[in-house]
Amino acid sequence: MDKYREIMELFHVVNPIGYSMEEVERAAAEAGGMPSELKNFFLTYGKSPELHGLQDELVLPNCSSILLKSDHIIFFNENQGVCQAGVKKSEANLPDPPVYVSAGNIMDKGISWKKSASSVSEFLIAMYGYQASICLPYNTEEFYWISREEKEEVERLFTRRRQRIDNWLYEWNITILGDNNQGRIALMDNGVDEDIQMQYSANTEREFKRMYGYLKNIGEAI
């Protein structure tokens, strides 16, 4: 079974489009390497239009908008360039290595990196789950602050996905929830503030109304 099936279902990718082998190998050479899992994702899904134009962006490592002035191979960019995700060049020979997120813009001096996910595949599944919590057709159009008690209630009501993202965007740790591949909820917790940010969206009006029925009295709109 395709490990990325839930991404394909969330974004209705019926005919995935990938980069050519020449494009991927050229990018790998310019970036200083590329793990096989990341290569395969670019080759199979990298140009699928459904996976672009979201909140944050998958980028081929030789993308001119990303500066490779680090010892990491960058492949995902926060929409305002606040942080990027990449793998260590020293681990590029591993098939599915851990993913790290930059603390600060990649153009800044003294940039540091923190672990975000245990593998490229887990990061991609979680990241597109996070994108889905914002970008699916039926959404809240706003974010919510929820308490830690309310977070526990949301986690009780909805299925917690196996993957998560750590240290994204101001060091948010993001938990992804969703009972099926028609909608996603993201809970963003920096481990410091009392409140946690929540957002959710769905592919169908029916699924959104179902989610809203549970969540309508939880949290305060930001």
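Which exposed residues does the face of helix 5 turned away from its buried side carry? The structure is a predicted model, in which local features need pLDDT of at least 70 and side-chain atom pairs count only at pLDDT 80 or more, while totals for chains, interfaces and linings use all residues. Residues are numbered from 1 along each chain as its sequence is written, and side-chain values use heavy atoms, with hydrogens and water left out.

The face in question carries Glu-149, Glu-152 and Arg-156; exposed means over 50% relative accessible area, buried under 20%, and partly exposed in between (1.4 Å probe, protein chains only). Helices (H or I, at least four residues) and strands (E, at least two) are DSSP runs, numbered from the N terminus. Helix 5 spans residues 148-157, and its buried residues are Lys-151, Val-154 and Glu-155. Seen down the axis of helix 5, these buried residues fall within an arc of 100°, so they line one face of the helix; the arc is that of the directions from the helix axis to the C-beta atoms. They pack against helix 6 (205-215) and several strands, including strand 7 (144-146) and strand 8 (160-168). Contact means heavy atoms within 4.5 Å.

In helix 6, the buried residues are Glu-207, Phe-208, Met-211 and Leu-215. They too line one face, because their directions fall within an arc of 100° when seen down the axis of helix 6. Arg-206 and Lys-209 are exposed on the other side of helix 6. The buried residues of helix 6 pack against helix 5, strand 6 (138-139), strand 10 and strand 11.

In soluble globular proteins, nonpolar side chains tend to be buried together.

Leaving aside neighbours within four places in sequence, Phe-75 is in contact with residues including Leu-38, Phe-42, Val-99 and Phe-123. Val-99 is also touched by Ser-119, as are Asp-96, Pro-97 and Pro-98, not counting residues up to four places away in sequence. Ser-119 lies in the loop between strand 5 (112-117) and helix 4 (120-135). Ser-119 counts as buried because its relative accessibility is 8%.
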